[in-house]
Amino acid sequence: MNAGAASEAQLQAARELLAQSARVAVFSGAGLSADSGLPTFRDPATDALWARYDPTELASAAGFAANPQLVIDWYNWRRGRYAAVAPNAAHRALAAQAGLVQITQNVDHLLEQAGAAAERVLHLHGSILYDRCHDGGCDYREAVEPGMPQPLRACPRCGAPLRPAVVWFGESLPMDVWHRAQRLCENVDCLLVIGTSATVYPAAGLIALARECGSRIVVVDPNPSAASDVADAFVRGAAAEVVPALLDGLELVSNPD
Ligand code: APR
């Protein structure tokens, strides 16, 4: 297996942990989509977004209030990038595991595009394929065409501005999705962590929660991270190279019943 820096031994150790686990879940971040050509937020090797842009200006309610057009333009740019890429081999290998539930911080739908059932992908940080009303009291939401730039516009129901249905810094996660993710991490034997720096909370807290509940942690990342620091097996390599080999021939499930 040519998996970059990943050694055969790292891979075998991780495969053994997965193979002996009755219940497995996946927790992923921007690194999962890096091999599709999308930048991560913090990894300098991937033209990281937060190295080039100010998250308080572009991914916060205060930033949106200060300059809504700037935020809308930036998300139109990001949507254009998403529309131009396709799932990579890691998305496809994960989607092929029909019994797995994927907890992701990613707002792209590359897992679903690769064939994962939508109800088995938990988007903790929302979705870039929808706009929603900015007024927390109004639950208006509409799907947007990824490649089509969206104008700054008002909610047809209450008149407040519409904004991307992603979770900005300082905002709460969608509670139903968060609770499902917590329940899952409390009940798995192994959590497969792919391409996240595990530095953004509360999402990153799922790793500690799973460990506290007795789960093993398998990490895939080309770089050491807060997740690899607590891993039982760390496969150092790119997701698109490592994940297909890691899951090859295994049939993993999240809820055996
Ligand atoms: N394959 C696997 N992992 C990769 C790859 C790759 N090809 N390339 C980079 N990585 C790893 C990096 O080493 C890093 O550990 O992916 C991780 C990306 O980390 P971040 O950029 O911090 O992304 P993420 O952890 O998803 O960020 C969490 O922060 O900005 C917010 O809401 C945003 O959901 C996001 C959250």
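## Ligand contacts

A polar backbone atom of Q105 sits 3.3 Å from an oxygen atom of the ligand. A polar contact here is a pair of N or O atoms within 3.5 Å. This is a predicted model: local features need pLDDT of at least 70, side-chain atom pairs count only at pLDDT 80 or more, and totals for chains, interfaces and linings use all residues. Residues are numbered from 1 along each chain as its sequence is written, and side-chain values use heavy atoms, leaving out hydrogens and water.

G195 also places a backbone N or O atom 3.3 Å from a ligand oxygen atom. D221 uses its side chain: a polar atom there lies 2.6 Å from an oxygen atom of the ligand. The protein buries 94% of the 740 Å² that the ligand exposes when taken alone (Shrake-Rupley method, 1.4 Å probe). In total, 23 residues surround the ligand, with a heavy atom within 4 Å of it. The closest are R42, T196, S197, D221 and N223.

## The sheet

Six strands form an open sheet in the order β3-β2-β1-β7-β8-β9, paired in parallel. Strands are DSSP runs (E, at least two residues), numbered from the N terminus; two of them pair if DSSP finds at least two bridges between them. The edge strands, β3 (121–123) and β9 (233–235), each pair on one side only.

Strand β1 (residues 24–28) runs parallel to β7 (residues 190–194), and five bridges join them. S28 has I194 of β7 as its bridge partner.

## Helices across the sheet

Helix α1 (residues 8–19) lies across β1, β7, β8 (216–220) and β9. Its direction is about 130 degrees to β9. Helices are DSSP runs of H or I, at least four residues. Contact means heavy atoms within 4.5 Å. Angles run from 0 to 180 degrees between N-to-C directions, with axes fitted to C-alpha atoms, for helices over the stretch in contact.

Helix α10 (residues 205–212) lies across β1, β2 (101–104), β7 and β8. Helix α10 runs at about 160 degrees to β7.

Technical notes:
Polar contact = N/O pair within 3.5 Å; in protein donor to acceptor, adjacent residues only side chain to side chain.
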